[in-house]
Amino acid sequence: MSTTKYISISSQKGGVGKTTINILAASIFHFLGKEKVAVIDCDYPQHSLEGLRNKELAQLQADPVKAAEFQVLNMQSYPIVDCTVKEALDVAKEMDGQFDLVFIDTPGTINVPGLLELWKQLDYVFMPLEADVLSVEATIPFAGALETFVIGKPGSRLKQYYAFWNKHIKSEKQDFYNKTEELFAQQNIPFLKSRLEHSVNYKKEGMRSTMFPLSKEFMRLGITGLIQEISQIIFADKVLAKATASTEASKAL
Ligand SMILES: Nc1ncnc2c1ncn2[C@@H]1O[C@H](COP(=O)(O)OP(=O)(O)OP(=O)(O)O)[C@@H](O)[C@H]1O
Ligand SMILES: [Mg+2]
């Protein structure tokens with residue numbers, strides 16, 4: 001059985017942070033979690049992750065100080081493969097067994113050939129949403145589509161999807177956040193507890209690096225909590241396997 005887990009930070013709404021959080025999560029699991037990570041960028045025609053990686057590679061070539069920093073890091077960067085949604089399914093299947101985690105950045109629109117099949121290849125979907133009506137209105141039918149067409153359907157490995165807040169503004173009245181969470185609970189759409197804060201830091205280069213670990217100053221802003229929560233969900237079977245193994249071991253004593 002494959003141990004590779006396919007994850008997507010995905011939404012049917014533009015600009016909610018899909019690409020940003022896919023790369024944040026990929027980098028944190030790769031550089032800090034030491035997991036074997038790969039990224040598939042099938043957000044055609046933007047391919048912003050591929051573009052980002054190429055820009056960083058050019059910077060390393062042009063800047064000896066950065067190049068030296070990268071050498072000191074003594075870690076290879078994770079692969080980023082750009083392809084169409086239709087190609088992504090084959091790319092993902094080829095990666096099976098070779099990586100611990102594969103993050104897939106998908107387009108923010110449902111009408112793309114092959115997207116349904118690609119969703120079936122995912123283990124978990126995390127859906128970022130912003131505190132605006134359009135974002136909420138786009139997330140409910142997305143969850144509905146995953147429930148109706150993907151979970152439990154033949155050939156599907158999708159276990160669950162979760163909504164979570166991105167660009168959370170602490171100083172704002174929290175009514176909208178609370179009411180949305182109530183609405184989602186009524187619709188049986190699970191919500192993560194962690195919220196990513198709205199921050200100007202997201203405009204900084206270090207925040208979206210695919211070649212360097214995220215610096216400590218950026219790990220605040222709710223990122224640590226979110227990654228821990230995601231980690232507990234996607235590695236729940238590992239924890240279970242460990243617990244079972246230790247129970248078996250203690251029985252054998
Ligand atoms: N928590 C945050 N605080 C502030 N800005 C953020 C936050 N998360 C993302 N952003 C910014 O929001 C913008 C959109 O983010 P991003 O490109 O990741 O969204 P997307 O959902 O992938 O968009 P698209 O639908 O175009 O693919 C970017 O400028 C990004 O820097
Ligand atoms: Mg994007």
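Reader: How are helices α2 and α3 oriented towards each other?

Author: Two packed helices are described by the angle between their axes and the distance between the axes. In this predicted model, α2 (residues 48–62) and α3 (residues 64–73) pack at an angle of about 110 degrees, with their axes 5 Å apart. They are therefore roughly perpendicular to each other; angles of 65 to 115 degrees count as such, under 35 as roughly parallel, over 145 as roughly antiparallel and the rest as oblique. Axes are lines fitted to C-alpha atoms, for helices over the stretch in contact, and angles run from 0 to 180 degrees between N-to-C directions. Helices (H or I, at least four residues) and strands (E, at least two) are DSSP runs, numbered from the N terminus.

Reader: Which residues of α2 and α3 make the contact?

Author: Contact means heavy atoms within 4.5 Å. From α2 come Q59, L60 and A62, and from α3 P64, K66, A67 and F70.

Reader: Which residue caps the N-terminal end of α3?

Author: D63 does, with a side-chain oxygen 3.0 Å from the backbone nitrogen of V65. Just after α3, N74 has a positive phi of about 55 degrees.

Reader: Now the sheet: what is its strand order?

Author: Two strands pair if DSSP finds at least two bridges between them. Here the order is β3-β2-β4-β1-β5-β6-β7, an open sheet of 7 strands with parallel pairing. At its edges, β3 (80–82) and β7 (191–197) each pair on one side only. Neighbouring strands are turned by 25 degrees against each other on average, direction ignored. Inside the sheet, 5 bridges join β2 (residues 37–41) to β4 (residues 101–105), and V39 has F103 in β4 as its bridge partner.

Reader: Which strands does helix α4 touch?

Author: Helix α4 (residues 85–95) packs on the sheet against β1, β2, β3 and β4, and its direction makes about 170 degrees with that of β2.

Reader: And which residues are closest to ligand 1?

Author: A residue is near a molecule if one of its heavy atoms lies within 4 Å of it. Ligand 1 is surrounded by 17 residues, the closest being K18, T19, T20, N166 and E197. A polar side-chain atom of T19 lies 2.9 Å from an oxygen atom of the ligand, while a backbone N or O atom of S199 is 3.0 Å from a nitrogen atom of ligand 1.

Reader: What conventions apply?

Author: Residues are numbered from 1 along each chain as its sequence is written, and chains are lettered from A and ligands numbered from 1 in the order in which they are written. Local features need pLDDT of at least 70, side-chain atom pairs count only at pLDDT 80 or more, and totals for chains, interfaces and linings use all residues, while side-chain values use heavy atoms, with hydrogens and water left out.

Key
Polar contact = N/O pair within 3.5 Å; in protein donor to acceptor, adjacent residues only side chain to side chain.
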